[in-house]
2 protein chains.
Amino acid sequence: MSKDGSISASVIKRLPRYYRFLGELQKEGLERISSRELSERMKLTASQIRQDLNCFGGFGQQGYGYHVDELRMEIGKILGVDKHFKTILIGAGNLGKAIATHINFETRGCNLIGIFDINPKLTGEVVGNIPIRHTNDIESFCEANSPVVAVLCIPKANTQAIADQLVNLGLKAFWNFSHYDLSIDYENIVVENVHLGDSLLTLTYATNIITSTDTDNSEEIE
Amino acid sequence: MSKDGSISASVIKRLPRYYRFLGELQKEGLERISSRELSERMKLTASQIRQDLNCFGGFGQQGYGYHVDELRMEIGKILGVDKHFKTILIGAGNLGKAIATHINFETRGCNLIGIFDINPKLTGEVVGNIPIRHTNDIESFCEANSPVVAVLCIPKANTQAIADQLVNLGLKAFWNFSHYDLSIDYENIVVENVHLGDSLLTLTYATNIITSTDTDNSEEIE
């Protein structure tokens with residue numbers, strides 16, 4: 001059972017996915033699962049799973065498998081799903097609104113408490129029970145509420161300036177959807193960049209490869 | 001200059017990011033850039049960049065650097081940005097609408113030509129110049145238009161059934177935003193899963209680590 005950060009980065013990277021799959025098993029009412037069954041669902045090898053989950057102590061028992069609830073709870077604790085990090089979202093355009101309403105922040109350790117946009121026409125509009133505030137109010141809001149996490153759904157040109165402002169206001173973590181590569185130019189600040197455009201380009205590349213192959217083989221296929 | 005798929009997977013993975021950065025340089029009006037300058041912008045080592053870009057032939061010249069336009073064009077060709085893959089989007093909820101309006105498909109090799117939703121109340125509503133059609137019309141639409149790429153913004157429970165239907169209708173590539181891990185159970189089908197919830201959990205974990213560290217050191221910081 002490791003609580004001192006000694007879990008390897010590659011295991012950490014897979015934890016959200018384990019957590020998600022274990023949640024599905026819970027919903028199905030499963031109490032336990034073998035590493036073999038879990039490996040089939042997750043398309044990982046059973047030995048990979050055993051190796052990963054060994055980091056978290058004695059949840060896998062010979063002949064019993066993993067106790068779904070306990071294992072999920074332990075992984076959740078490591079991820080920090082019980083943390084209630086106060087979270088604000090900047091940029092209430094289509095994407096910002098979709099993120100605010102589509103993502104369940106609460107079950108992922110974050111409480112969305114404020115939404116901001118520079119467009120005064122949006123001020124007061126309610127998105128997922130939260131009224132949109134003008135970006136001019138970010139400073140007073142942060143001083144009063146001390147949010148930790150910021151979701152950035154703003155145009156590229158504004159990202160660095162807003163991030164600088166938010167760091168000065170005490171924010172520690174950025175979930176960045178802007179096209180700007182927010183880099184960790186600050187100490188003790190964490191950034192998770194989500195580049196949806198890059199993701200689509202990766203798919204386009206793979207599609208290009210697979211459809212070119214299809215054409216090459218077209219005469220062999222019925 | 002490699003056109004036979006001999007570029008390594010790790011280089012491929014970085015190509016969308018190179019393409020994006022080179023696009024920014026173009027917008028700034030830069031004609032050429034040294035590997036050192038590019039490395040500073042991209043937070044990669046200059047030798048990493050030289051090694052990556054050597055795959056694409058003689059664009060880097062000693063004492064000159066990289067020709068921005070040519071290099072970007074070459075990378076774009078490899079990625080397939082000129083392919084115009086016909087693309088449909090299924091699920092016009094908040095997220096689907098945001099993806100349809102926020103993402104520039106055209107510059108990434110995909111032409112969004114159809115949007116579908118199971119909710120008849122949405123039928124006819126226009127999103128980014130495209131009228132929403134009912135999911136009942138997917139089959140006839142695909143037979144008439146032969147789309148290649150599908151963007152899935154639908155609930156988990158429906159994902160596998162819709163994906164099966166679309167594969168039977170000839171679609172080859174899936175950009176999957178549902179919470180369901182669409183796996184490649186099919187031959188010659190490519191999938192890019194986007195798990196925004198996992199991304200947020202990764203940030204939560206990092207935030208948890210960094211804020212715990214902050215607390216430990218709180219007495220040392222002014």
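This is a predicted model: local features need pLDDT of at least 70, side-chain atom pairs count only at pLDDT 80 or more; totals for chains, interfaces and linings use all residues.
## Chain A on its own

Start with one chain. Chain A has eight helices and ten strands. It is 222 residues long, and 51% of those residues count as buried.

Now take the contacts in chain A with a separation of 6 or more. Residues 24 or more positions apart account for 55% of them.

## Where the chains meet

The contact between the chains takes 61 residues from chain A and 61 residues from chain B. The size of an interface is often given as the accessible area lost when the parts come together. Here chain A and chain B bury about 5,800 Å² between them. Carbon and sulfur atoms carry 65% of that area.

Polar links cross the interface too. The count is 22 residue pairs in polar contact between chain B and chain A, with both residues at pLDDT 80 or more. Several elements give two or more residues to the side of chain B that touches chain A, including helix H1 (9-27), helix H4 (68-79) and helix H5 (94-102) of chain B. Strand S9 (173-176), strand S10 (190-193) and helix H8 (196-216) of chain B are also among them. H8(B) gives the largest share, 16 residues. By class, this side of chain B has 31 nonpolar, 16 polar and 14 charged residues.

## The nonpolar core

The largest nonpolar core has 58 residues. Which of them touch the most other members? They are Ile99, Trp175 and Leu196 of chain A, and Ile99, Trp175 and Leu196 of chain B.

Look closely at Trp175(A). Leave out residues up to four places away in sequence. Within chain A, the residues that Trp175(A) touches include Ile99(A), Ile103(A), Phe105(A) and Leu152(A). In chain B, Trp175(A) touches Leu196(B), Ser199(B), Leu200(B) and Leu203(B).

## Salt bridges between the chains

Over all chains, the whole structure holds 18 salt bridges. Eight salt bridges lie across the interface of chain B and chain A.

One of these pairs is Lys156(A) and Glu24(B), whose side chains meet at 3.7 Å, N to O. Lys156(A) lies in helix H7 (residues 156-168) of chain A and Glu24(B) in helix H1 of chain B, so the pair joins two chains. Are these two residues buried or exposed? Lys156(A) is partly exposed, because its relative accessible area is 29%. Glu24(B) counts as buried, because its relative accessibility is 13%. The cut-off for buried is under 20%.

A second pair is Arg20(B) and Asp181(A), at 2.9 Å, N to O. Arg20(B) sits in helix H1 of chain B, while Asp181(A) sits in the loop between strand S9 (173-176) and strand S10 (190-193) of chain A. Both Arg20(B) and Asp181(A) are buried. There is also a network of salt bridges, which links Arg17(A), Arg20(A), Asp181(B) and Asp198(B).

## A salt bridge inside chain B

Helix H1 of chain B takes part in another kind of pair. Arg14(B) forms a salt bridge with Asp52(B), and their closest N and O atoms are 2.7 Å apart. Arg14(B) lies in helix H1 and Asp52(B) in helix H3 (residues 46-54) of chain B, so the pair ties together parts that are 38 residues apart in sequence.

The two partners can be set side by side. Arg14(B) counts as partly exposed, at 24% relative accessibility. Asp52(B) is buried, with a relative accessible area of 2%.

Technical notes: Residues are numbered from 1 along each chain as its sequence is written. Chains are lettered from A and ligands numbered from 1 in the order in which they are written. Side-chain values use heavy atoms; hydrogens and water are left out. Contact means heavy atoms within 4.5 Å. Buried area is the accessible area (1.4 Å probe) that two parts lose on being put together, summed over both. A salt bridge is a side-chain nitrogen of Lys or Arg within 4 Å of a carboxyl oxygen of Asp or Glu. A polar contact is a pair of N or O atoms within 3.5 Å; within protein, one must be able to donate a hydrogen and the other to accept it, and residues adjacent in sequence count only if both atoms are side-chain atoms. Helices (H or I, at least four residues) and strands (E, at least two) are DSSP runs, numbered from the N terminus. Ala, Val, Leu, Ile, Met, Phe, Trp, Tyr, Cys and Pro count as nonpolar, Asp, Glu, Lys and Arg as charged, and the others, Gly among them, as polar. A nonpolar core is a set of buried Ala, Val, Leu, Ile, Met, Phe, Trp, Tyr and Cys residues joined through side-chain atoms within 4.5 Å. Buried means under 20% relative accessible area, exposed over 50%, partly exposed in between (1.4 Å probe, protein chains only).
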